[in-house]
Amino acid sequence: MLTGCAGPAPERAADPDEVIKAATQRLTDACLIRQGLVPPRSGTPRPSGTEDARVGAALFGAGPAELSLTLPTGYVVRAHTDGCLAAAQQRLYGDQPGWFRASVVVNNLRPEADHAHRDLAEVRARHHDEIAEWQRLRAHALTEATTVLENPPPKGNPPA
């Protein structure tokens, strides 16, 4: 019988999407807690209507959306620049409006190709600049997310 000759199993690199997601949650939770609100969690009962609305406004922003992008398909995507989620995106990506634009375009390449009856590769080539910006901002977010997870923020709004 052979025993113990192999070294420890190599650590698997963390999934970048999961790292960014975890940092976003940490930042938004800290922001909500600072405002005296309980961060929402799946599997837990939702708060009362008034409290649920307060949490929603604090998390996602309130009033008219400040960011808007009309897609080639005709759909309009909107987002707020206030709220805990916007603050977390600003902290992680360094440019929340830029991230909004780049991510909306990149996340809708397939629908654009289908709508225009074009090959996805052709649509991707047309959006080379947005894809490059998405990659740059995402790399920035991964670096920032790692910092956030290694050094948790104080409970409150993340610094811009």
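Which residues of α3 are buried? In this predicted model, the buried residues of α3 are Cys84, Ala86, Ala88, Arg91, Leu92 and Tyr93, and the elements that cover them include α1, α2, α4 and α7. Helix α3 is followed by Gly94, a residue whose phi is positive, near 80°.

Helix α7 has 23 residues, and the distance from its first C-alpha to its last is 33 Å, close to the 33 Å expected at 1.5 Å a residue. Its buried residues are Ile131, Leu137, Ala141, Ala145 and Val148, and these pack against α1, α3, α4 (96-107), α5 (109-116) and α6 (120-126).

A covalent link is also present in the model, since a disulfide is a covalent bond between the sulfur atoms of two cysteines. A search of the whole structure finds one disulfide, and this bond joins Cys31 to Cys84, with an S to S distance of 2.1 Å. The two cysteines belong to distant parts of the chain, Cys31 being in helix α1 and Cys84 in helix α3, 53 residues apart. The torsion about the S-S bond of Cys31 and Cys84 is about -70°, and the disulfide is therefore left-handed. Buried means under 20% relative accessible area; Cys31 counts as buried because its relative accessibility is 1%, and Cys84 likewise counts as buried, with a relative accessibility of 0%.

Salt bridges form a further set of contacts, and seven of them are found in a search of the whole structure. In one of them Arg41 is paired with Asp29, the closest N and O atoms being 2.1 Å apart. Arg41 lies in the loop between α1 and α2 (49-60), whereas Asp29 lies in helix α1, so this pair ties together parts that are twelve residues apart in sequence. With a relative accessible area of 35%, Arg41 is partly exposed, while Asp29, with a relative accessible area of 13%, is buried.

Another salt bridge is formed where the side chains of Glu144 and Arg91 meet, at 3.3 Å from N to O. Because Glu144 lies in helix α7 and Arg91 in helix α3, the pair ties together parts that are 53 residues apart in sequence. Glu144 counts as partly exposed, at 22% relative accessibility, and Arg91 counts as buried, at 17%.

A salt bridge also joins the side chains of Arg118 and Glu122, with a distance of 2.8 Å from N to O. Arg118 is partly exposed, its relative accessible area being 42%, and Glu122 also counts as partly exposed, at 35% relative accessibility.

The backbone at His117 calls for separate description. Most residues other than glycine have a negative phi. His117, however, has a phi near 55°, a positive value in a residue other than glycine. This residue, His117, lies in the loop between α5 and α6, and His117 is exposed, with a relative accessible area of 76%.

The strands of the model remain to be described. Strand β1 (residues 67-70) and strand β2 (residues 76-79) run antiparallel and are joined by four bridges. Along this pairing, Ser68 stands opposite Arg78 in β2. The two strands form a hairpin in which five residues lie between β1 and β2, and Gly74, which is in the turn, has a positive phi of about 100°.

Conventions
Residues are numbered from 1 along each chain as its sequence is written. This is a predicted model: local features need pLDDT of at least 70, side-chain atom pairs count only at pLDDT 80 or more; totals for chains, interfaces and linings use all residues. Side-chain values use heavy atoms; hydrogens and water are left out. Two strands pair if DSSP finds at least two bridges between them. A disulfide is a pair of cysteine sulfur atoms within 2.5 Å. Buried means under 20% relative accessible area, exposed over 50%, partly exposed in between (1.4 Å probe, protein chains only). The expected span of a helix is 1.5 Å times one less than its number of residues. Contact means heavy atoms within 4.5 Å. A salt bridge is a side-chain nitrogen of Lys or Arg within 4 Å of a carboxyl oxygen of Asp or Glu.
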